[in-house]
Amino acid sequence: MIDPVVRVDGIRKMYGRLVAVDGVSFEVQRGEIFGLIGPNGAGKTTTLECVEGVRRPDGGSIAVLGLDPIRDRRALQRRIGVQLQSAQLQKRITVGEAIDLWRSLYDSPLDGAALLDQLGLAAKRDAWFMTLSGGQRQRLFVALALVNDPEVVFLDELTTGLDPQARRAIWALVRGIRDRGKTVVLTTHSMEEAERLCDRVAIIDHGRIVEIDSPEALVARHFPAGRIAISDTKWLPPTLEDVFLKVTGDAMRD
Amino acid sequence: MLRGLWKLTWIEMKIFAREPLGLFGTLGMPVIVFVVLERLLGGRSSVRAPELARVVGIELPIFAALLVSTGAVLSLVTIISIYREGGILKRLRATPIQPQTILTAHVVTKLVFTALTLTLLTLAGRRIVPEGQEIPLARFAVALLFTTVCLLSVGFVIASVVPTARFAQPIATLILYPMIGMSGLFVPLDALPGGVRAAAHLMPFTYAVSLLRGAWLSEPWSAHLGDVAALLLTLVVCTAVSAKIFRWE
């Protein structure tokens, strides 16, 4: 059996007294799109940031491409691509400058113009970051995450706040990344996105993984009847969202 | 190896130049203050009280230079805290770029703009220099850049502790301006009350003023080794402290 691209073993992370991640373990295989889903504050982003080497876990171990994200940080950063949640760039940096800067940090980066073209940003090359729309910003961040032709790409809430067109475009892009043999690990709030995009998902709640499998398998396991009652007369096929609500409860979160 | 340093520095300089208000504050303000004060104090008038001549000829250029240096520090504190709040520092950290590269790029940017402002000041100040008087420009520029590097390290400590970008500028101003006030520039150190004088001797600005004054008057460097040592100590201590307490997010 081939080694997994990402192996997370029992990681823990505390913020003061708050336990954000409480013994999370999972593996991601090469060529997978793997999703971390969970309510707000469940520990998705903290888990992802520990895997990316942006945050140091308090316990447990992580290997990405066989490397330790903290100890081998620099070696690993060359081989992974990262898009951080609600990240910003300098307000007055141009799209072209950002790509140039990122390219200068790696040994054999992709062609900047081709990348911008592929992401529909060619016309925005000279535009300041502050003038970009939400969708354009996210596409730029995807471009920056891909500039070193990484083996694994981490995407944190990539499509939050985007309109359906932009979302679809970005989904196509993520599938394109996978089709080129890369591995994708993402977090999302959107069950539709997880269902349509991910090969496997892990549902995290209160810092623990409560379910992990393909979206279809999770639906089949939790709703073997293949339908759920919306009212006395109306039945619908169950979705990942129904599984999600069943395992995490319907109480509102922060 | 500081990979990406020149690219990042060049980009940061361009970004800074694209912000009209910041650019005006950095390049324009010291020059305007200098020219206005010089005019108010008598300008070209040939009959000038000796005391006033000293102020215009010596203290005013040093004051203007300090404004440049302080402006660089204020701007650094503001930019770093905005970058931190916006997650820009965090985003840069998630690349192979070295943390020291990011900070060095900002220091170099500030030094370049300090040199530019000094050039503008020199052009504006040409007319107040009496015929035949030599101004040791190169020496003064070296002293100012050295002073600025050391004061920027104080800026990094302030940037490490300010809670949000909103408070960055006011807090930095509150810390820096009183130091200028008792630096010996406006009131000779000997004339300060004992306690204030003792405090002044602990402040980097006091040594900065002494060094700049020495450079302006063409005194030998050897006469100001104490100032250089004090400023170097500031640089070392502040760099060490900010390396410990600097927050990236």
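This short talk walks through a predicted model with chains A and B.

Let's start in chain A, with the sheet. Three strands form an open sheet, and their order is S2-S1-S4. The pairing is antiparallel. S2 and S4 of chain A stand at the edges. Each has a single partner strand, so one side of each is left without a neighbour in the sheet. From one strand to the next, the twist averages 20°.

Now the pairings themselves. Strand S1 of chain A covers residues 6–15, and strand S2 of chain A covers residues 18–28. Eight bridges join these two strands. One of the pairs to look at is A:Tyr15, whose bridge partner in S2(A) is A:Leu18. The hairpin of S1(A) and S2(A) has two residues between the strands. There, A:Gly16 takes a positive phi near 65°.

On to the other pairing. S1(A) also pairs with strand S4 of chain A, residues 59–64. This pairing is antiparallel too, over five bridges. A:Arg7 stands opposite A:Ala63 in S4(A). A:Asp9 has A:Ser61 as its bridge partner in S4(A).

What lies across these strands? Helix H1(A) lies across S1, S2 and S4 of chain A. H1(A) runs at about 120° to S1(A). The helix spans residues 44–52 of chain A. Nine of its nine residues are buried, so it is largely enclosed by the rest of the structure. After H1(A) comes A:Gly53, with a positive phi near 85°.

Next, the core. How many residues does the largest nonpolar core have? It has 136. Those with the most contacts inside it are A:Ala143, A:Val185, B:Val73, B:Val77 and B:Leu212. Helix H3 of chain B, residues 50–85, gives the largest share of this core, 14 residues. Look at A:Val185 on the chain A side. Leaving out residues up to four places away in sequence, A:Val185 touches A:Val6, A:Val28, A:Phe34, A:Leu48, A:Val51, A:Val152 and A:Phe154.

Over to chain B. H3(B) packs on helix H6 of chain B, residues 137–161. Their angle is about 35°, and their axes are 9 Å apart. The crossing is right-handed. From H3(B), the contact includes B:Val73, B:Leu76, B:Val77 and B:Ile80. From H6(B), the residues include B:Leu144, B:Leu151, B:Leu152 and B:Ile158. By class, the contact has twelve nonpolar, five polar and no charged residues.

Last stop: where the chains meet. The contact takes 18 residues from chain B and 21 residues from chain A. Which elements give two or more residues to the side of chain B that touches chain A? They are helix H1 (5–17) and helix H4 (88–93) of chain B. The residues on that side divide into seven nonpolar, four polar and seven charged.

Methods: Residues numbered from 1 in each chain as written. Chains lettered and ligands numbered in written order. Predicted model: local features only at pLDDT ≥ 70, side-chain atom pairs only at ≥ 80, totals over all residues. Core = buried A, V, L, I, M, F, W, Y, C linked by C-beta atoms within 7 Å. Buried ≥ 20, exposed ≤ 12 C-beta atoms within 10 Å, placed from the backbone. Helix = DSSP H or I, 4+ residues; strand = E, 2+ residues; numbered from the N terminus. Contact = placed C-beta atoms within 7 Å. Pairing = 2+ DSSP bridges. Nonpolar A, V, L, I, M, F, W, Y, C, P; charged D, E, K, R; others polar. Axes fitted to C-alpha atoms, helices over the stretch in contact; angles between N-to-C directions. Left-handed = near helix turned anticlockwise from the far one by under 90°.
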